[in-house]
Amino acid sequence: MKKGLFITVEGLDGCGKSTQLSLLSDYLLSKGYEVEFTREPGSKGLGESVRNILLNYDGEVSNRCEAFLFLADRAQNIDVIVKPAVEQGKIVLSDRHIDSTLAYQGYARGGDIEQLKYLNNLATNSYKPDLTFVFDISVETSLKRVGENKDRMESENREFFEKVRQGYLEIAKHDRQRVKVIDSETSIETIFEQVKGFVDEKLV
Ligand code: TYD
């Protein structure tokens, strides 16, 4: 049986996560790996309902309530989807995971980073991704790509997203082994070459 892997992708909205995930999935399948997709918020089943609240609820949401909802969805994602699949030798690709909480609820909303790290560990039972990509784009590019049709999180202001971006760069600075920052203002092919390089290192 092939060794399973857990890979997560992060970045501002419009950074090209979905395109890279789809290229990576095709690449892995062509090499004979089994691939499982998941996302946060909104893993299959229960997660869909949590995603709906987080992105569409239009009343007041306290910062702590928001953090706990993301964390609840994360616990479900790890227990029900990620861990079982990796144990079966699959490569699990998650669109967002622990670093989104640090970047958005921590660096951008002002939540305590150490406390959020502790809560992340509680939610994941300390299960960690083998590899994480941060697709780095400017806030300007992100806002342009998201356009006018925005969900609750996307409706924050420019300053908020600047903090998210800097938060991701800070996270990567302290965990270079796991977190790879990729300049994503370049072409899809150039970005994917780098993704492939880092993933290949994990496959050998
Ligand atoms: P995403 O699925 O990337 O949105 P879309 O489907 O529109 O591309 O992410 C949903 C939003 O949730 C995104 O703005 C980031 C935010 N988020 C957090 O604030 N904290 C978290 O822990 C996670 C997982 C996401």
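The ligand sits in the largest pocket of this predicted model. The elements that each give two or more residues to the shell around the ligand are α2 (46-56), α3 (63-87) and α4 (98-108).

**Ligand shell**

- The ligand is surrounded by 16 residues.
- The closest of these are Lys17, Arg51, Arg96, Thr101 and Gln105.
- Helix α4 supplies the largest share of the shell, with four residues.
- Sorted by class, the shell holds eight charged, five nonpolar and three polar residues.

- A ligand nitrogen lies 2.7 Å from an N or O atom in the side chain of Gln105.
- Gln105 is also listed among the closest residues to the ligand.
- For Arg74, an N or O atom of the side chain is 3.0 Å from an oxygen atom of the ligand.
- For Asp13, the distance from a side-chain N or O atom to a ligand oxygen is 3.1 Å.

**Overall fold**

- The protein chain contains eight helices and five strands.
- Their order along the sequence is β-α-β-α-α-β-α-α-β-α-α-β-α.
- The radius of gyration is 16 Å, close to the 17 Å that the globule rule gives for 204 residues, so the protein chain is as compact as a globular protein of that length.
- The C-alpha trace spans about 50 × 35 × 30 Å along its principal axes.

**Backbone points to check**

- Most residues other than glycine have a negative phi, and most peptide bonds are trans.
- The peptide bond from Glu40 to Pro41 is cis, with omega near -5°.
- Pro41 lies in the loop that links β2 (35-39) and α2. Helix α2 is one of the elements giving two or more residues to the ligand shell.
- Arg96 has a positive phi, near 75°, and is not a glycine.
- Arg96 is found in the loop between β3 (91-95) and α4. Arg96 is also one of the closest residues to the ligand, and α4 gives the largest share of the shell.

Definitions and conventions: Residues numbered from 1 in each chain as written. Predicted model: local features only at pLDDT ≥ 70, side-chain atom pairs only at ≥ 80, totals over all residues. Heavy atoms only, no water. Near = heavy atom within 4 Å. Polar contact = N/O pair within 3.5 Å; in protein donor to acceptor, adjacent residues only side chain to side chain. 1 Å grid on protein atoms, 1.4 Å probe; cavity = no way out; pocket = protein on both sides within 12 Å on 5 of 7 lines; lining within 4 Å. Sits in = over half its atoms within 2 Å of the grid points. Nonpolar A, V, L, I, M, F, W, Y, C, P; charged D, E, K, R; others polar. Rg over C-alpha atoms; globule rule 2.2 N^0.38 Å.
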